[in-house]
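Thanks for coming. I will go through one model, starting with a term and then working through the sheet, the cores and the rings.

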Amino acid sequence: MASTHQKIWWSVFLTLLLSNCQHGVDGAPQVPCYFIFGDSLSDSGNNNLLVTKAKANFKPYGIDFPQGPTGRFTNGRTIVDVISELLGFHSFIPSFVTAKGKDVLQGVNYASGAAGIRDETGQHLGDRITLNRQLINYQHTVAQIAKLLGGAAAAADQLSKCVFTVGIGSNDYINNYFLPNLYPTSKKFTPEQYATALIAQYSLQLKTLHKFGARKVALFGLGLIGCAPAELAAFSPPKGTCVDKINSAVQLFNGKLQSLVNDLNTEFSDSKFTYINIFGIGSGDPKAAGFKVTDSGCCGGRTGCTASAKPCSNRREFVFFDEFHPTEAVNVNLAARAYKASTPSDVSPIDINTLANL
């Protein structure tokens with residue numbers, strides 16, 4: 001197993017190296033724009049001005065990020081930051097709250113910490129920009145692009161060339177279904193029924209995205225959220241294991257999401273949707289890939305990263321930066337394999353590099 005992981009990590013290094021070479025000649029990105037939807041795994045500052053506990057615009061978040069704390073829920077770059085670099089962008093995609101004027105022509109990041117597919121998800125933490133609200137914000141951006149480019153037809157042509165990523169659903173489990181004292185969903189739905197309900201709503205949301213111009217769309221599956229330090233603290237599984245009931249529920253969602261991708265590709269011949277297998281990419285033996293600490297966050301352990309907390313110094317050896325979110329080192333691996341698949345199971349049917357080149 002160790003040799004397999006070493007090969008994968010070597011391919012990750014080559015992906016990053018070749019991508020830098022590919023875009024270093026003429027300086028042009030593969031696509032004109034990149035639009036991002038999701039939750040705290042992708043958020044780059046949209047929650048900063050909200051009244052919410054889901055914030056990361058303070059140290060030690062951003063300790064390894066050039067601009068310091070920006071609202072990213074990690075020590076450095078997020079998965080979408082790395083993907084933007086691999087696509088050849090010379091600056092990170094601006095958050096919706098900071099994007100102004102012609103900035104929107106390069107893309108916008110709408111992601112919001114604690115956001116979910118369901119509107120009530122995460123409400124106990126305070127305000128958040130749900131996926132439905134992110135789609136409304138995106139529609140405002142489309143109107144801006146039409147105005148900048150001289151009409152709806154020009155905007156549609158521009159958007160058809162862009163890459164879109166959507167990574168959402170984790171909070172519908174972490175901050176909804178598996179908090180039975182705060183949300184009724186686990187009493188109303190079995191895990192199978194809940195996954196079906198989530199996918200039904202997600203399908204409508206993705207069709208709205210298509211209606212407003214998205215033609216190249218990568219959907220991130222959910223990761224091993226049952227292995228997050230916060231969930232280990234809440235459910236106390238045997239040492240060295242994860243919370244199986246959470247990961248099993250997540251896999252039900254992922255399986256249905258893969259089927260939805262197939263359905264959307266059948267329904268919309270003018271578009272291409274693809275599934276990124278975050279769960280599979282994150283599986284295996286992390287210690288074989290150089291990670292030494294898998295069950296505790298670099299900052300705050302299992303209880304949360306606060307402004308007064310002192311982060312670990314060996315951040316490349318930690319899977320998690322805080323009680324929920326991966327370190328930059330993990331994000332680099334996830335992004336590299338989403339962009340250029342290392343194994344056939346990483347993506348279905350194509351990786352983001354292939355999607356961008358369509």
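When I say contact, I mean heavy atoms within 4.5 Å. The model is a predicted one.

With that term in hand, take Y202. Setting aside neighbours within four places in sequence, Y202 contacts I117, L131, V166, I168, L219, F253 and L257. Y202 also belongs to the largest nonpolar core, which has 51 residues. Y202 is among the residues with the most contacts inside that core, together with F35, F37, F164, Y173, L209 and F253. The element that gives the most to this core is helix 9, residues 244–267, with eight residues. Another core lies apart from it, with 34 residues, including A218, I276, A289 and F291.

Five strands make up an open sheet in the order 1-2-3-4-5, and the pairing is mixed. Strand 1, at 34–38, and strand 5, at 347–348, are the edges; each has a single partner strand, so one side of each has no neighbour in the sheet. At the strand 5 end, strand 4, residues 272–276, pairs with strand 5 in the antiparallel sense over two bridges. I276 is opposite V347 of strand 5 there, and I276 is also one of the residues of the 34-residue core.

Which residues of helix 4 are buried? In helix 4, residues 152–159, they are A155, Q158 and L159. Viewed down the helix axis, these buried residues fall within an arc of 95°, so they line one face of helix 4. Their cover includes strand 1, helix 3 and strand 2.

Last, the rings. The whole structure has 21 aromatic pairs. One of them is F37 with Y110, which is stacked, at 4.9 Å centre to centre and 20° between the planes. This pair joins distant parts of the chain: F37 sits in strand 1, and Y110 in the loop between helix 2, at 79–86, and helix 3, 73 residues apart.

The cut-off for buried is under 20%.

Ring pairs also link a cluster made up of Y173, Y177, F178, F189, Y194, Y202, F235 and F253. That brings us back to Y202, which has F253 among its contacts.

Technical notes
Residues are numbered from 1 along each chain as its sequence is written. This is a predicted model: local features need pLDDT of at least 70, side-chain atom pairs count only at pLDDT 80 or more; totals for chains, interfaces and linings use all residues. Side-chain values use heavy atoms; hydrogens and water are left out. Two strands pair if DSSP finds at least two bridges between them. Helices (H or I, at least four residues) and strands (E, at least two) are DSSP runs, numbered from the N terminus. A nonpolar core is a set of buried Ala, Val, Leu, Ile, Met, Phe, Trp, Tyr and Cys residues joined through side-chain atoms within 4.5 Å. Buried means under 20% relative accessible area, exposed over 50%, partly exposed in between (1.4 Å probe, protein chains only). The arc is that of the directions from the helix axis to the C-beta atoms. Rings of Phe, Tyr and Trp (its six-membered ring) pair if their centres lie within 6.5 Å; planes under 30 degrees apart count as stacked, over 60 as edge-to-face and the rest as tilted.
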